[in-house]
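Please consider the chain shown below.

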Amino acid sequence: GAGQAAKICNNMILGATMAVTCEAFVLAQKLGLDPQVFFDISSKASGQSWSMTSYCPVPGVGPETPADHDYEGGFAAALMLKDLKLALEAAGQAGVDVEMGEGAEEMYEEFVAKGGGGKDFSAIIRMIDDSWKAPEGSNPAPPPPGTGSRRADRRLLRLANEIEGAGQRNRDRSGLRHVRVEDVGAECAN
């Protein structure tokens, strides 16, 4: 009913905003910003969200949250993943493309597979900053054979698209034919 629809739509927003909030904190830190300074600015600026101001994923920053307790308590990442999967299923049935929701679902699926399902969903920041270590006694699922994580696969695809785009721009300037890897493979097979 309407209550379930509202819940899964709301939690899709929450999952996506928490994921991007975590990414922003990691990026800010890599760019040399102190997490508290970044919080003080972003929590009062256009980047403000509930994930930032009420449930900050960084320990010791903002109000007390599960981050301050090693991500114990709160809303389990496995439950967030369940709700994201329900939202994607509903979106598919409704014929709605939800790319941000899909991205959040992929990230939480990877985090849960790495043993993070019992931690609060904000602990995904530890996967993003590469500091995640599965809890003792958990049995993280390995990635599918022959693949890295979905995030790594997306990064590789983006890089390949950037390289192909650069090749296309060079061809446009030089007038030379751009040779694609797929073309070479097909020609070698013949």
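The paragraphs below treat the fold as a whole and then the aromatic pairs.

The model is predicted. Its chain contains 8 helices and 0 strands, so that, in the order of the elements from the N terminus, the pattern reads α-α-α-α-α-α-α-α. Of the 190 residues in the chain, 35% are buried. The accessible surface amounts to about 11300 Å², and carbon and sulfur atoms contribute 58% of that area.

A pair of aromatic rings is described by the distance of the centres and the angle of the planes. The chain has 6 aromatic pairs. In one of them, the ring centres of Phe25 and Phe38 lie 5.0 Å apart with their planes at 90°; because an angle over 60 degrees counts as edge-to-face, the pair belongs to that class. Phe25 is part of helix H1 (residues 2–30) and Phe38 is part of helix H2 (residues 35–42), so the pair ties together parts 13 residues apart in sequence. Both Phe25 and Phe38 are buried.

Another aromatic pair, Tyr55 and Phe121, is stacked, with 5.5 Å from centre to centre and 25° between the planes. Here the linked parts of the chain are distant, 66 residues apart: Tyr55 lies in the loop between helix H3 (50–53) and helix H4 (77–94), and Phe121 in the loop between helix H5 (99–116) and helix H6 (124–128). Tyr55 and Phe121 are each buried. These two residues also belong to a cluster in which ring pairs link Trp50, Tyr55, Phe75, Tyr108 and Phe121.

How values were computed
Residues numbered from 1 in each chain as written. Predicted model: local features only at pLDDT ≥ 70, side-chain atom pairs only at ≥ 80, totals over all residues. Heavy atoms only, no water. Helix = DSSP H or I, 4+ residues; strand = E, 2+ residues; numbered from the N terminus. Buried < 20%, exposed > 50% of the residue type's maximum accessible area, 1.4 Å probe, protein only. Areas by Shrake-Rupley, 256 points an atom, 1.4 Å probe, with all protein chains shown as cover. Phe/Tyr/Trp six-rings, centres within 6.5 Å; stacked < 30°, edge-to-face > 60°.
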